[in-house]
Amino acid sequence: MRDRDIPLGLTFDDVLIIPRRSSLTSRKEVSLKTRFSKNIEIQIPLVSSPMDTVTEEAMAIKMARLGGIGVLHRFTTIERQVEMIKKVKRAENIVIEEPYTISPDATLGEARKLSEKLGVSGFMVVRNGKLEGILSRRDMLFQPNDTLVKQVMTPQERLIVAKGDISIEKAKEILWRHRIEMLPIVDEQWRLKGLITVSDILNKLRYPNSARDRKGRLLVAAAIGVRGDVISHADKLIDAGADALVIDVANGYIDLVINTVKKLKQEFPDIDIVAGNIATKEGAEALATAGADAIRVGIGPGSVCTTRIVAGVGVPQITAIMDSKEGAEPYDVPLIADGGIRYPGDIVKALAAGAESVMIGRLFAGTDESPGKIVLKNGKRFKVYRGMASFYARLARKTREMGEVELDRDIEDYAYTSEGVEAFVEYTGSVEEVVNRLISGVRAGMAYVGARTIRELWERAQFIRITNAGIRESHPHDVHTI
Ligand code: XMP
């Protein structure tokens, strides 16, 4: 029997949060610490989307420095994904355990290529595991490509090194006293054991709120699919240092995803597995009982999503979060509200509805840290942002997998079955500024309801439904904004 009593689904614009008496004296008293997944704590409730126009290493590094976490996308080769994870894990590692090395017999041409690929400016010069010198950017300046590394490096006899364990304070003192940027750690036989750099120390001081693992390295998650050899793929990502794996598919309420969660948890019990996407209580329950450590909520709310238009399926995001919360809460599994965030106020609403963090694509896609170049259009600066189920994203994926593609039925089908669009988003500068703006709004929202923590926000927030007149009243109105 068709139920004529159709429930109402609400989204961000349909609701506001009612102000409550507050004992907070400053917004600084608000703590934004939260859980990304059962065992991973982050300092701010922001996660960047696993999309090829949003999260690669630069975004993941900055997100973790700012206290959130980035999920590296999976629309590339496994080798590239591994390389991205390693780069995040090396960034700001106070002691780099495996510094990048080069042979003394290599040429500067080779060194320059490697330096560009790895994004580092200097190398430890090593032969048979022993440190013979350091090659810095300054050593390479103005020298032709066929010069050998050993001809221009700072040789062993002129190196300042630390032997054995060393405290950061002591390292700082040595770096300052000798006005050097890199301090290699070696043993008595000059075998290279690690490296401390000035830039890592400075970054740690600059970002005191960063999200880190037990070894003090920046946190990072990596997306994974459900087809092919998932276990060996997961193994490589974990081996590279991923803190969590995110099963990244449009519809998470299917047997394939549920079984993949079970398999991954069985194989890698110590790694947090995030699963999704779902938008209902039953969906959340299914993933939670399968063993998921966090659940991504959102079917079609994203700015470049067309799932609801193409398939007619979805749940408005506030209702989706509230319903999913009912399913996940008994298992204490955190929810990540994924998609549709336009303003800081939307984040407060998503958290108040029961999420522990929000995932963002569009607002981060226009920043310096997202992949892709700035394009000029009518005198304005833009970056490209595309849904991962959009026509061109799918075409790019197929081309990568098959080498070359012909216009076949599959591709013709893409035109009808794609569930996302390609778009321009305005260039917005550094993601740090975007994050700071969002976070200020979240603090303000929590202060209005007297919530010191996200848990208190769950307890204290009361929603009120509004009408179109309410939305109009909420935005600036009846003025000409300057
Ligand atoms: P925002 O609104 O932040 O949303 O841009 C980002 C989220 O959108 C989802 N996503 C898609 N959904 N078709 C969809 O229906 C797509 O092609 C697509 N690409 C991304 C994804 O959950 C992301 O985090």
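Visitor: Which residues touch the most other members of the largest nonpolar core?

Guide: This is a predicted model, in which local features need pLDDT of at least 70 and side-chain atom pairs count only at pLDDT 80 or more, while totals for chains, interfaces and linings use all residues. Residues are numbered from 1 along each chain as its sequence is written, and side-chain values use heavy atoms, with hydrogens and water left out. In soluble globular proteins, nonpolar side chains tend to be buried together. A nonpolar core is a set of buried Ala, Val, Leu, Ile, Met, Phe, Trp, Tyr and Cys residues joined through side-chain atoms within 4.5 Å; buried means under 20% relative accessible area, exposed over 50%, and partly exposed in between, with a 1.4 Å probe and protein chains only. Here the largest core has 98 residues, and Leu46, Leu245, Ile295 and Phe364 touch the most other members. Its largest share, eight residues, is supplied by helix α17 (residues 431-448), where helices (H or I, at least four residues) and strands (E, at least two) are DSSP runs numbered from the N terminus. Another core, of 16 residues, lies apart from it and includes Ile40, Ile42, Val47 and Ile336.

Visitor: With which residues is phenylalanine 364 in contact, leaving aside its neighbours within four places in sequence?

Guide: Contact means heavy atoms within 4.5 Å. With those sequence neighbours set aside, the partners of phenylalanine 364 include Leu46, Val54, Met59 and Met63, together with Val431, Val434, Val435 and Leu438.

Visitor: How many residues surround the ligand, and which are the closest?

Guide: A residue is near a molecule if one of its heavy atoms lies within 4 Å of it. In this model 22 residues surround the ligand, the closest being Cys305, Thr307, Asp338, Tyr385 and Glu419. A polar contact is a pair of N or O atoms within 3.5 Å; within protein, one must be able to donate a hydrogen and the other to accept it, and residues adjacent in sequence count only if both atoms are side-chain atoms. An N or O atom in the side chain of aspartate 338 is 2.5 Å from an oxygen atom of the ligand, and for the side chain of tyrosine 385 the corresponding distance is 2.6 Å. Glycine 361 takes part through a backbone N or O atom, which lies 2.8 Å from a ligand oxygen atom. On its own the ligand has 530 Å² of accessible area, of which the protein covers 90%.

Visitor: Why is helix α13 described as largely enclosed by the rest of the structure?

Guide: Eight of the nine residues of α13 (residues 344-352) are buried, so the helix is largely enclosed. Among the buried residues are Pro344, Asp346 and Lys349. After α13 comes glycine 354, whose phi is positive, near 130°.

Visitor: Is asparagine 39 buried or exposed, and where is it found?

Guide: Asparagine 39 counts as exposed because its relative accessibility is 61%, and it is found in the loop between β2 and β3 (40-42). Its side chain makes a polar contact of 2.8 Å with the side chain of aspartate 272. Threonine 34, which lies in strand β2 (residues 34-37), counts as buried at 7% relative accessibility. Leaving aside its neighbours within four places in sequence, threonine 34 is in contact with residues including Ile40, Ile42, Glu356 and Ile454.

Notes
Areas by Shrake-Rupley, 256 points an atom, 1.4 Å probe, with all protein chains shown as cover.
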